[in-house]
Amino acid sequence: MNNIMFCSVGRRGRLLRDVKETIGKTGIIVGTDNKSTAPALQMCDVQCVVPRITEPGYVDLILDICRKNDVKAITTLIDPEIEILAANAERFKEIGVIPLCPAKESAKYCFDKFELYKYLKEKGIRTPLTFHDWDEFVTALEKGEISFPVFMKPICGSGSVGAHKVKTLEQAEADWNSGEHDYIIQEMMTGGDCDADVFVDCISHKAVAAFSKRKIETRIGGASKTISFKDPKLFAFIEEVCSVFTFNGPLDMDFFIKDGEYYLSEINPRFGGAYLHAYGCGVDFIKLIVNNINGIENPINIGDYEEDVLMMMYDDVVIAKKSQLVDDNFTTI
């Protein structure tokens, strides 16, 4: 059976519906969350309410759920859990579960944006000029290596929380010293941006599928309207980026454009919130996961979709009786 476990499912109900559409009767979806009222749990065949990911014994519990449900692959839909899966990858492999997460070192780079910057520079991968030291930033400003406006964002964060444009040194210094976030400062990239959903094969560890899109509208840190496009230069850059990491499974990559070249901004090694667009255009990562579960290495097939196809998100709801919810020992309904 092609049983796949999704941890911390939250509100990602449409994604799990798409997963179910692909695997059909060949497998089940096992879902976890720390709240029985997580809407996406209602789309799972097996629903598990678990403690927060920081609680002692959390990983042991997840392993036990995998054993009991014959899980063959596991992923998470939240960033903080990625490093937990990566740190315990061998434990999952020992019980026959493919961890859809990066190697431990690669996970560290993806979660710490300044470590990512330093690593990309070391490997010769284009990325925006970035500072995590105030004095170094001011020195670079005086030398003309960077100028206002600049972009500030938390060194570890997601959903664009705390990310903002800064126009003056006074504003930058006030924000830096506010204590609200541990900030990095980046050069402002004015040539546009885009992102890509990428799948890295769990056997070859090569990028085998990629779907690129431009944002038309963004809400609450994520793209709500996007349009597909293709650029061989971007696809080649994606393969270059993936070659210096050890990834497994789905990635969400963000890029800036400067002087006609792509610059890597961030990598989220999980299903991105707008992966729904890729799936709707026939770029089915679930089929690729199922192939890997069955020991089949996926061939490289990057850019196999139509351009100028739009995705337009809208809200939906789940209606359920209290009696239909799974037992919840950690929250009160």
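**Ground rules**

I count residues from 1 along each chain as its sequence is written, and my side-chain values use heavy atoms, with hydrogens and water left out. Since the model is predicted, I take local features only at pLDDT of at least 70 and side-chain atom pairs only at pLDDT 80 or more, while totals for chains, interfaces and linings use all residues.

**Entry 1: the cores**

I looked up the nonpolar cores to begin with. A nonpolar core is a set of buried Ala, Val, Leu, Ile, Met, Phe, Trp, Tyr and Cys residues joined through side-chain atoms within 4.5 Å. Buried means under 20% relative accessible area, exposed means over 50%, and partly exposed is in between (1.4 Å probe, protein chains only).

Which residues touch the most other members of the largest core? I found Val198, Ile238, Phe245, Met253 and Phe255, out of 65 residues in that core. There is also a second, separate core of 21 residues, with Tyr58, Ile74, Cys101 and Ala107 among them.

I then picked Phe245 and listed its contacts, where contact means heavy atoms within 4.5 Å. Setting aside neighbours within four places in sequence, Phe245 is in contact with Ser106, Tyr109, Leu116, Tyr119, Leu120 and Ile267.

Helices (H or I, at least four residues) and strands (E, at least two) are DSSP runs, numbered from the N terminus. Several residues of α1 are buried: Gly13, Leu15, Leu16, Asp18, Val19 and Ile23. What covers them includes β1 (4–7), β2 (29–33), α10 and α11. Just after α1, Gly24 has a positive phi of about 50 degrees.

Next I checked how α1 (residues 13–23) packs on α11 (residues 285–293): the angle is about 55 degrees and the axes are 9 Å apart. For such numbers, axes are lines fitted to C-alpha atoms, for helices over the stretch in contact, and angles run from 0 to 180 degrees between N-to-C directions. Angles under 35 degrees count as roughly parallel, over 145 as roughly antiparallel, 65 to 115 as roughly perpendicular and the rest as oblique. So α1 and α11 are oblique to each other.

Which residues of α1 and α11 make the contact? Val19, Thr22 and Ile23 do it for α1, and Ile286, Lys287 and Val290 for α11. I sorted them by class: Ala, Val, Leu, Ile, Met, Phe, Trp, Tyr, Cys and Pro count as nonpolar, Asp, Glu, Lys and Arg as charged, and the others, Gly among them, as polar. That gave me 4 nonpolar, 1 polar and 1 charged residues.

**Entry 2: helices α7 and α8**

Helix α7 (residues 134–142) and helix α8 (residues 169–176) cross at roughly 170 degrees, and their axes come within 12 Å. That makes α7 roughly antiparallel to α8. On the α7 side I noted Trp134, Phe137 and Leu141; on the α8 side, Leu169, Ala172, Glu173 and Trp176. By class, this contact has 6 nonpolar, no polar and 1 charged residues.

Is Ala140 buried or exposed? I found it buried, at 2% relative accessibility. Leaving out neighbours within four places in sequence, Ala140 is in contact with Phe131, Glu145 and Ile146.

I spotted a cis peptide bond from Phe148 to Pro149, with omega near 5 degrees. Pro149 is in the loop between α7 and β7 (150–154).

Then I found Asp259, which isn't a glycine but has a positive phi of about 50 degrees. Asp259 lies in the loop between β13 (249–258) and β14 (261–268) and counts as exposed at 73% relative accessibility. Asp308 isn't a glycine either, and its phi is positive at about 60 degrees. I located Asp308 in the loop between α11 and β15 (310–312); it is exposed, with a relative accessible area of 59%.

**Entry 3: one buried Asp**

Asp33 lies in strand β2 and is buried, with a relative accessible area of 9%. How far is Asp33 from Val50 in space? I got 5.9 Å, C-alpha to C-alpha, although they are 17 residues apart in sequence. Beyond neighbours within four places in sequence, the contacts of Asp33 include Ser8, Gly10, Leu41 and Val50.
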